[in-house]
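Reader: I am new to this structure. Please show me how to read its features, one at a time.
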Amino acid sequence: MKNSIRFTYLLLFLNLCLSIHAEEIQNRYQLRGVLIEKNSNRVLKHIPINVLPYNRDVKTDNQGRFLLNMPAGEYGLVIDFYPYEKTEVGIHLKSDSTLTIYLKAPVGSHLLEEVNVLSVKSVNEQNTAIERIDKNWLDKLPSMIGEKDLLKTLALSSGVTSSSEGAADIQVRGGTHGQNLYLLDGVPLYSTSHFFGMVSAYNPTCIGSAELYKAAFPARFGGKVSSVLDVHTIDADLNKVKGEAEMGILASKASIHVPLIKGKLGFFSAGRISNYSLLNAVSLFTSAYGYKLNLFFRDLNANLKWKPTDHDELKLTWFSNSDKFNANQPDGGLLIMGKIENSQHSASLHWKRIFSDKLQNDFKIYNDRYRFEFNNGIMDLSNKHFSSLSTATIITSTAFNENIRFQYSPACTFDIGGNVTQYRLTPVFKTYTDSTITKTLENDSQDFSEIAAYVENNWILKKNNRIKAGLRFTDVLYNKRHELSVEPRLSYQVLLNRNYSLSASLSSMSQPIHRVANSGLGIPFELFLPSLGELRPQKAWTASLGAGKELLLNNAKFTFKSDIWYKKLQNSVEFKDGFDAMDILLHQDNVTNRMDEFVCQGNGKAYGLDFSGNFSLNAVTVSADYTWMRATNHFNDLNNNKPFAASTDIRNALSLIGCWKISENLLVTANWMFQSGKPITVPTFISQIPSFDYRSGEMNYENGNALIINTERNNFRTKAFHKLDLTISRSLLLFNRYQGNVSLGVYNVYNRANAYMYYINTKKGNDGKLTPVLKAASIFPILPSASFSVKF
Amino acid sequence: MLFKLKSSYLIVLLFMFVSCIRTEEVVAPWNQTNVPVLFSILTPGKQVIAYMGESNQAIDTMQEISYPDARLYIRETAGKWFEMERLEHTNKYELVIDSLQIKKGASYQIKAELGQGLATLLASTSIPEENAGIETASYYITDTLVYHTWKGISYRGIFKARWKILPKKEYGYVLLDEDWDIKFVRGETECKVYENDYVVNKDSSSINLFLITTDPILNTYLKSLAISEAQHSQSDDFISVLLSSNGATIPSFNNISNGIGLFGSYVQSRTRVKVEQYEK
């Protein structure tokens, strides 16, 4: 028996070796090419090229180049990508060759300049668990209050939901917002939103590319267990000064490229700031209640790109965002002051060196600081003396990342790398300040390191089989204690014939920093906690099996993809009953030593089915994304040790998007979104009991207290969410030179009152008795929006 | 021109944001069935009292007699049952005899026989073995101005207090003055108060402090009460709702078998703090 197993292994091994060898000994030639836009002579990045007769897509790289390695023969290259005219090139490959392809775009297209990463929607190009969002698609979709948003756009895709209406967050395949790795130029974002979560921190004017990995995680990513959103900003243009400005109702944005040394050194910066008028409006509204409120947000992305040689590229990147919310209330001769501030600042240096066609090195170093602060104080208006108490959460990190890409053969590439990250996490930092002193009351900072090493092999086997196998080792080191995670990553894709593809993946991930969100009613404040003491790193296994199909009928193109997936979560973190983020920030001490008093760990599982369909015919594109899923948690310390529905258990989610290009310059877009209710905890019993005076030990019938009893966690489903948004965009040429775009939109066209939050209120009945009622508050009715942008 | 532009902008935005907040009542899952409610809190040196009613969400219904035949009994665990006496025309019961002493560290049981074939309610509690005592406490008036507060004409100042946590971590603590409960920060080994806006009546020369040490179930109940009060909004002012909401899940504290309610206990210590003028 043992021998037969050995023999089978040997046969498999020989078969594998022979397969590789058989592929290598054929007469194969390399076809190198570059794709250039005819009008501007710019190279075109990330454009898909369909290779016939294989009907397989390859994409141009960051330099607009592509490389094919194929047997001698006749081939066709087809580039069919909006807004460019369809281009077909026939090739007779009989030796190593080079090729330059020029693409022509229609004059006046608003996508002329900034097409960078482009809408693909090809289901055979990559694993079906990976979602790519491009600037083109982002520009088309309706916005809320005139703000395009990457995270809201992603929430329209299958397997992805958002936590509430207007929330700029994503929940991927049953995972929570805090279990997603949000990257911006390789730096993790802790603060991903502005304006109470309504606008994401990703400024759409500077997004170059965005990929969401719902499964099939490459080995280079780690640190979160549910998904990875890898966003890269636009590089500085080294040849031309150009820019863009946009004004919407909520915020104004601008970006500019400045070449400092032509072809060698360039600077790019993009900024966004909330419009001051909006803040005034909010202040006026709230002054009726005696408050004075101010809201403010801004972000800044900048990079300096230097190409000292053809083989070296250095990029210095800076990111800064901040949110402020002030509430001041006069009270006699006093001014009561409250402030919430949220900010993140990071700087990184990325050095890419191409040693040869087969060897490339990427080195990155970054420093990052996140701070959330809650401050309340009091000022004596007569003498301006003040005192305040500030509570903050601070995370600082410094990281070194190294990746070596080695191309063993055109079909076989290795990525080998690692990273070292040093964290200082301060869950609670309290200071007291008055007119004369500042005193630190608590500084609960903890230092720990995360060291990771990985290797990944990307292998194209014969007959359109692609396999990606990786292994990542992560060690969290704290006070000489090690938490080691071994994380295998495996994904496989096969193109069965001209139009079918199958993909499968299995990945393990771990998460050392926990982001715990409030579980009850109200604002979802959050707390960051390290994996120290009793708190262990989170771990997850994600499996996915998908299929894709492309169909071409006359001029109509249909694409379908479907994924069935399963996710198993270990050591997920939730607040224990009775605790929330603000309670811990304001009323608890020595938090990192007592984490087991406030939070608990448990397991979860989620499974579901994603479906996406896309149809395009001439100027009309329609897409549909549907998810059915189920997510449950099981914590020993919660719900009497019984399983309960996870807060991300949104059973059905559907989005329909339609785009109609009425003319070269006019585009109409509509999207309808539906999510079934999400679980929240609502009391099972509410009654009245006498209040109790603990000083005297007496009951008081006249002044009762509510007796509120929850018998089960997440026992109630919120009402279903749905809305329709419309946008019409017109491109125009300003002064015969500048591209402009006017966009008018309507959010929530049929004025659906979707619940933003639930709370308990009191109602007087016909019998004059007061009874508690459950109320849903909606804050987004039908909303018009307008924005104007110009590119120069 | 700028003013006109700004005004127009504000009108549009006000339309968008002020008119947009809508609230609606939704069907709540609570009180699908009415169940018996038993409520009693024991403390040494005080009379044993209890409330026996029925769950009814309407406020002001506490004095409606829910179970006219109900009889309540209390005992020290494994001891003799003593029947409590119902106060006439109320749901309130008292133990009129003083043969049952409530002692630190002792365990007690309460039962309610409802009659009419209804199931008997049963619960137990253990009185905390010791009470935490305030170790340090001080109050300094920080300015000479007076303010009109719920304590009358008052001074404002800095109040500090500190006490050790008892070995049993599940015990809870409540610090009260004569009018109010005082928020404190709880640490690993001690609790501390730093209140920079604590007011005292202008004529007060001292503050009476009561430190309550509660058993675990009463601790959970008090936490649940604080959260539910924060989540229960008296108005539809959305900003107030948004800012005051507590995001915690209300903890489950019911320890009454065959019913709902609470049978808890606590011990108490008292301290007097002198009001002093602040000297920097």
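Reader: What share of the contacts in chain B with a separation of 6 or more comes from residues 24 or more positions apart?

Author: Start with the term: a contact means heavy atoms within 4.5 Å. In chain B, residues 24 or more positions apart account for 66% of the contacts with a separation of 6 or more. For chain A, 63% of the contacts between residues at least 6 apart in sequence join residues at least 24 apart. This is a predicted model, in which local features need pLDDT of at least 70, side-chain atom pairs count only at pLDDT 80 or more, and totals for chains, interfaces and linings use all residues. Residues are numbered from 1 along each chain as its sequence is written, chains are lettered from A and ligands numbered from 1 in the order in which they are written, and side-chain values use heavy atoms, with hydrogens and water left out.

Reader: How many helices and strands does chain B have?

Author: Both are DSSP runs, numbered from the N terminus: helices are H or I with at least four residues, strands are E with at least two. Chain B has three helices and 18 strands. Chain A has six helices and 48 strands.

Reader: What percentage of chain A is buried?

Author: Buried means under 20% relative accessible area, exposed over 50%, and partly exposed in between, using a 1.4 Å probe and protein chains only. Of the 792 residues in chain A, 58% are buried. In chain B, the buried part is 51% of 280 residues.

Reader: How many aromatic pairs does the structure hold?

Author: A pair of aromatic rings is described by the distance of the centres and the angle of the planes. Rings of Phe, Tyr and Trp (its six-membered ring) pair if their centres lie within 6.5 Å; planes under 30 degrees apart are stacked, over 60 edge-to-face, the rest tilted. The structure holds 25 such pairs over all chains. One of them is A:Tyr190 with A:Tyr370, tilted, at 5.9 Å centre to centre and 50° between the planes. A:Tyr190 is in the loop between β12 and β13 of chain A and A:Tyr370 is in strand β23, so the pair ties together parts 180 residues apart in sequence. Both A:Tyr190 and A:Tyr370 are buried.

Reader: Why is the pair of B:Tyr139 and B:Tyr198 edge-to-face?

Author: Look at the angle. The planes of B:Tyr139 and B:Tyr198 are at 70°, with centres 5.5 Å apart, so the pair is edge-to-face. B:Tyr139 lies in strand β10 and B:Tyr198 in strand β16 of chain B, so the pair ties together parts 59 residues apart in sequence. B:Tyr139 is buried, at 0% relative accessible area. B:Tyr198 is buried too, at 6%.

Reader: Which residue has its charged end over the ring of A:Tyr500?

Author: A charge sits over a ring if NZ of Lys or CZ of Arg is within 6 Å of the ring centre and within 35 degrees of the ring normal. At A:Tyr500 the residue is A:Lys549, 4.0 Å from the ring centre. In chain B, B:Lys111 lies over the face of B:Trp81, at 4.6 Å from the ring centre.

Reader: What is the phi of A:Asn639?

Author: Most residues other than glycine have a negative phi. A:Asn639 has a positive phi, near 55°. A:Asn639 lies in the loop between β36 and β37 of chain A, and is buried at 9% relative accessible area. B:Ala78 also has a positive phi, about 70°. B:Ala78 is in the loop between β4 and β5 of chain B, and is exposed at 71%.
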